[in-house]
Amino acid sequence: MGAGLGSDNALELAIWGLVIGYFLTKVLMGLVDSAVATVFVCFAQDPKAFQRTHPELYEELVGSWAEMHGPVMRACGYSANEADDRI
């Protein structure tokens with residue numbers, strides 16, 4: 001037999017590569033998911049502190065929410081002009 005990979009070995013290595021790649025991707029995407037959840041929790045729990053510490057991100061988030069959910073934002077306590085200015 002030769003020293004190269006046989007078809008059985010190549011298939012086994014491909015399967016192992018897919019399994020390992022899947023789990024590495026799952027771990028990295030879990031980190032991204034956690035970061036996104038953290039931003040939304042900070043925004044929901046203390047929007048003023050979030051505004052002080054990350055003003056650009058706060059403006060982007062409030063602007064996007066106001067475009068889609070202006071009346072809901074006003075019902076949750078945001079001033080009418082803060083939500084209306086972004087619609």
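**Exercise 1. Classify the aromatic pairs.**

The structure holds 4 aromatic pairs. This is a predicted model, where local features need pLDDT of at least 70, side-chain atom pairs count only at pLDDT 80 or more, and totals for chains, interfaces and linings use all residues. Residues are numbered from 1 along each chain as its sequence is written, and side-chain values use heavy atoms, without hydrogens and water.

Solution. 
- Start with the rule: rings of Phe, Tyr and Trp (its six-membered ring) pair if their centres lie within 6.5 Å; planes under 30 degrees apart are stacked, over 60 edge-to-face, the rest tilted.
- The centres of Tyr22 and Phe23 lie 5.1 Å apart.
- Their planes meet at 75°, so the pair is edge-to-face.

Task: Repeat this for Phe50 and Tyr58.

Solution. 
- The ring centres are 6.4 Å apart.
- The planes stand at 65°, so this pair is edge-to-face.
- Ring pairs also join Phe43 with Phe50 and Tyr58 in a cluster.

**Exercise 2. Check the confidence.**

Task: What is the mean pLDDT of the protein?

Solution. 
- pLDDT is the predictor's confidence in each residue, from 0 to 100.
- The protein's mean is 81.
- Of its residues, 80% reach 70 or more.
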